[in-house]
Amino acid sequence: MISMILVLNHKGDVMISRQYRDDVSRAAADSFRLQVIAAKETGTQAPVKRIENCSFLYTRHLNMYFVAITRANVNPALVFEYLFQKITILKAYLGEEFDDNSIRNNMTLIYELMDETMDYGYPQNCAVDVLRLYINLGNIRQQDEPDASELTSQITGAIDWRREGIRHKRNEVYIDVLESINLLMSSQGDILRMEVTAQVQMNTKLTGMPECKFGLNDKLVIEKEASSNRKPGVEIDDCTFHRCVRLGKFDADRTITFIPPDGEFELMRYRVTDNINLPFKIIPAVREMQDQNRVSINLKAISTYNTRLFATHVVIKIPVPKNTAKTKIKTSFGRAKYEPEQSAIIWRIKKFPGKAECMIGADIDLMPTTRNKAWVRPPINVDFQVPMFTSSGVNVRFLRVYDKSGYNTNRWVRYITKAGGYQIRI
Amino acid sequence: MSYNNNAPPGPPQNQGAPVPDSYFTESRKGEVNELRNLLRNFSTQKDMKKKREIIKKVIAYMTLGIDVSRLFTEMMLVIETRDLVIKKMVYLFLCNYATANPELAQMCTNTLTKDCNNDDPMVRGLALRSLCSLRLPQMVEYVSEPLNRALNDSHAYVRKTAVMGILKLYHLDEEILERNGFVDTLYDMLKDPDAAVVTNCILVLNELMQKSGGMAINRAIMLHLLNRLGEFSEFGVVAVLDLVPRYIPANQEEGYQIMNLLDPVLGTTNAGAFMAVIFAFLSLAENLAGKEMKQQIVTRVKAPVITMMTGGSAELMYVMLKHVDALIELCPGVFDDEYRQFYLRHHEPTNVKYLKIQVLAKLANPTNAPDIVGELSECVSDSDATLSRLSVQALARIACRDVGGEGCAENITCRLIEMVDLDIAHISSEAATALAAILRKNPSLRELIAPPLPRALKYIHEGRGKASVIHLLGELGDIIPEAPYALEKLIDGYDHIKCSEVKSALLTSTIKLFLKRPPEVQRMLGRLLQSATEDVSCQDLHDRALLYYRLLRNAPDPSIVDQVVKTNMQIAGSANFAEENFDEDMRDELMKEFNTLSIVFGTTSDNFVSEENQIKFVKMPAEHPLDGGAGSVESAPVNPVDSLASQVQEASLLDHGPVDTTPAPATAPMAAEMDLLGFGTEPTPAPVVPPVAASTFSLIPNVALSGDEYQSKWGAVSDADAHVIIVPLTTLPPSTDAVETPLSQASIKTMASGELPTEFKFFLYAQDASSDGSIIMVQASIGKSSPCEMLLTIKISGPGGFEKADAFVNVLKNALGAYAS
């Protein structure tokens, strides 16, 4: 169990402190400030810190620290889950980018939330939708007030992610498939690691308690259906689901059925490692000329996706040695600039059409140094977004909504592939 | 409407703009007094928003750590308000300062107790929670009355708050449990229809019984909870799952059933629940098949573990990596083919990177070693010095363990030699140390290691690395011609050496070289011994120099010196370095604390958790059939602590209904325990039994059994051998008599019966007329809700398995006639 939850700002000032048990005191906040925040430990050291017999588990939102303090041998994954959910709840109440000011201005609200989500150090109800029913002081959008009896029956109960009696004029579902592709390529062009991790985000605006059935072109499902003229499905390595999904049903026949929460939520995550289409091929050529203190870099980027599509926000970061003095850059497309603070040439292309080829060439003059230290050659980093493209080949086959009243539902599906870590070594 | 717009009484604030908040600046003298004045005029203030603002200020001060306990009296007066927000804040204030003002706090409890009877369940819950959180020992008795009432509240929110309240009071006064029989109540409430209440019951019971390893669990409780798993919230699921590792399944089949039941939970996104499942699996495997099964389990969870690890936040990734590390230690080899998942990513926090490097080294096998070695070598050139050191160490580990197959150790050695020459201080130094370790394990590599050493000595400056190079020069002196001359420069510059580690290495290596090549080294050794014996900076060094000096001077035969100095540093290929030898027992202990901080810290909880927070890992139930020695199910030894626990739990499962007043109260505990079994699994066939033909089955008409006999016979048959059968009924019998009379005509006697609000209960028995004359005992319940059916739990003392139970049920069905369909 958790003895205390603290919210600190970047200087270590206490903004919220809620003590659930007697066994830690406010002095704990001081030791955290001194040993973690002042020591600039975050990131380099573990997110779990032991100071004497107290364990501090912490995470960050913007520049704030959310700290759970305990004296017991707790389940760390659970505590982090709680902290994350806490942040999610605050986001729902105060907006995505809530900061110190909004915390201060809504202190009473936050204490209320602290009280409801945890009792005596044990997590209680953390479902935003239900909390909204009875804690609604913040600038949360006011929904039509349910009557009290209905309200309280929702606080506990099995389906705590959706309340009854939701009404929408138009019934709509938005589905976003967000894939992020991770690639690590060696300087010889071998693929060291390639993987797609993806999320299926949903925004549902549905009336009543609808039962939804959702289908991807999952290989196992398609094979089972065995219809002849279908394209083969995608082999999904593994997936996890929002808790509204009936896991037993998925295990039995791989159908994804659920009663969705109202509004935005993440329905599932999946991972694919086989048969991935790389949206970009990057071919670098780097030559170091030791005697002349020069480096020349040539790089070709080839887009492999369909000509009807285009990538946006393409940023290729080509590292150069720290002692770069002068660069001469030529590009066939887009804009490139040497940015000394990043020791890299940043090549930006706003719109990269499909099946196209772009080149960049750079001659770099180096400053002579007293000690010839080898250049460590960090990898080239590529960032991009390709809308309406999934590199795993996953697509949504259907979403069926069943409700007693039998209304029609409008469905909108979007796909987007982003670069997770798209790196090419040189 | 935004709360931000609720402008405070002071200067108007703009929403979103930086707040010139007066109450977050330092407390100036008089501000508390100012607040007091505001509070005094509180009742005259009409504007609700302004009222809230005042209270908010007080709470803000409290958060900052400014002592506002002086305002206690004034705050007490505010408590009588209809505004829920103000109420909550005042309660918060109260709970914070009650211990400092016990008398005053006692005065306001009247309001609190009054609120405990409010119409709004939210207010009732809130008041009760505050009342229990006051932390005033003298109030315990006073509080227990509303608490008892709240435990039976119609609303789940109040009940779950009350359950937590028990725990709060317990920490003030341990005797309260006995006085109020709270433990029994809690076990009863495990059957509460609301999952949130059940969750809290589990949590509270676990803590109350911490000393004996947590809540007592038996088969009935476990199966009951697992069958309801779908109803629990994600945190509730974790509470239930945390019980599973301590549960010993009644038989293999049940163990597998539980696993199948839990398998879908692996798809959850809640890492806490996910990890709990893994622990439950591993623990169940221990009871079922042991090591091999664990291997299967780790293989099963591998894919979801990777997803969980890569998909989550950095913090979760850290925790997951620690656990993956533990799983790899448990089942080496399983994660090997996923090694690419442990490659570093640019944007990851450093702590995650460090862990990944360490894990990577453990994954090396002949197939993937070239890739892993390549990847680690890339990491060596990282700008983070610690990371590159760790990478070098990881490489050394792979080479030392020789897990990489043919040529891998050589490959690594070559790479390390390149690194020594790289002339980046920390890398060269670390690589040199790594080479020293590799040489100890793998002497055949000496030819490879020797060449770069003399030049390396010039540019390695870090103490440890330098010492390693000197050590290697001493070891390999016979194949490096210039070794003595490399050392000679150091000996001449002895006074400039700061690091004692380097000096010691220098001394030892020079002696070793002297023994190998006396004519070249003799003079420099003399100089070194002189400097070292005069050196007072390090005692150890000084003494060693003296020792060598005297040995050399007095020894009749140089071979004696040889024996003393040249201890065999080599280690057989398969053995590990002492510090790498992982203690099996230690690991087993650690695995018992899987999914806790112990794994993160890498040490068992007794090293970082104080005594009162220790939880012992006790497997339950104690009277387990698989557990008992030599298959004697009935006489399984019961240790005193656990039997106490199980008594408590039996007693607590007792239904305080009319059953109690029946002539055989002693049977009730077992009976009530069994009634949960309706959710149970398939009846398990008893061991080899002669089949009993249904046609020959009959019952002895006049059988009599006393309550005590019944109870002892019932207890003698293990729960695992009980048969659970459901008989559908056409209509609900009007009373217990309507069932008992026809049954007694069919020679099935009733020991006790009763009517509860939701069900009828019967304790029946009969004797088989066949030669063995076994007694058949039945605990039956008929639920009053539809579908109407009779749930039978049958135990047979004596031979006779499923057939006999079946035959008996036929007799019973016939007897019931009108009711049975």
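**A helix pair in chain B**

Start with helix α26 (residues 483-492) of chain B and helix α27 (residues 500-516) of chain B: their axes come within 11 Å and cross at roughly 145°. Axes here are lines fitted to C-alpha atoms over the stretch in contact, with angles from 0 to 180 degrees between N-to-C directions; helices are DSSP runs (H or I, at least four residues), numbered from the N terminus.

This is a predicted model, where local features need pLDDT of at least 70 and side-chain atom pairs pLDDT 80 or more, while totals for chains, interfaces and linings use all residues. Residues are numbered from 1 along each chain as its sequence is written, chains are lettered from A and ligands numbered from 1 in the order written, and side-chain values use heavy atoms, without hydrogens and water.

Now show side chains. On α26(B), B:Ala483, B:Pro484, B:Leu487, B:Leu490 and B:Ile491 meet B:Leu506, B:Ser509, B:Thr510 and B:Leu513 of α27(B) (contact: heavy atoms within 4.5 Å). These residues divide into 7 nonpolar, 2 polar and no charged.

**On to the core**

Next, select B:Ile55, one of the residues that touch the most other members of the largest nonpolar core, which has 276 residues. Such a core joins buried Ala, Val, Leu, Ile, Met, Phe, Trp, Tyr and Cys residues through side-chain atoms within 4.5 Å; buried means under 20% relative accessible area (1.4 Å probe, protein chains only). Helix α15 (residues 271-288) of chain B gives this core its largest share, 14 residues.

**Last stop**

Finish at helix α36 (residues 737-745) of chain B, where B:Ala738, B:Val739, B:Glu740 and B:Leu743 are buried. After α36(B) comes B:Ser747, with a positive phi near 65°.

Conventions:
Buried means under 20% relative accessible area, exposed over 50%, partly exposed in between (1.4 Å probe, protein chains only). Helices (H or I, at least four residues) and strands (E, at least two) are DSSP runs, numbered from the N terminus. Ala, Val, Leu, Ile, Met, Phe, Trp, Tyr, Cys and Pro count as nonpolar, Asp, Glu, Lys and Arg as charged, and the others, Gly among them, as polar.
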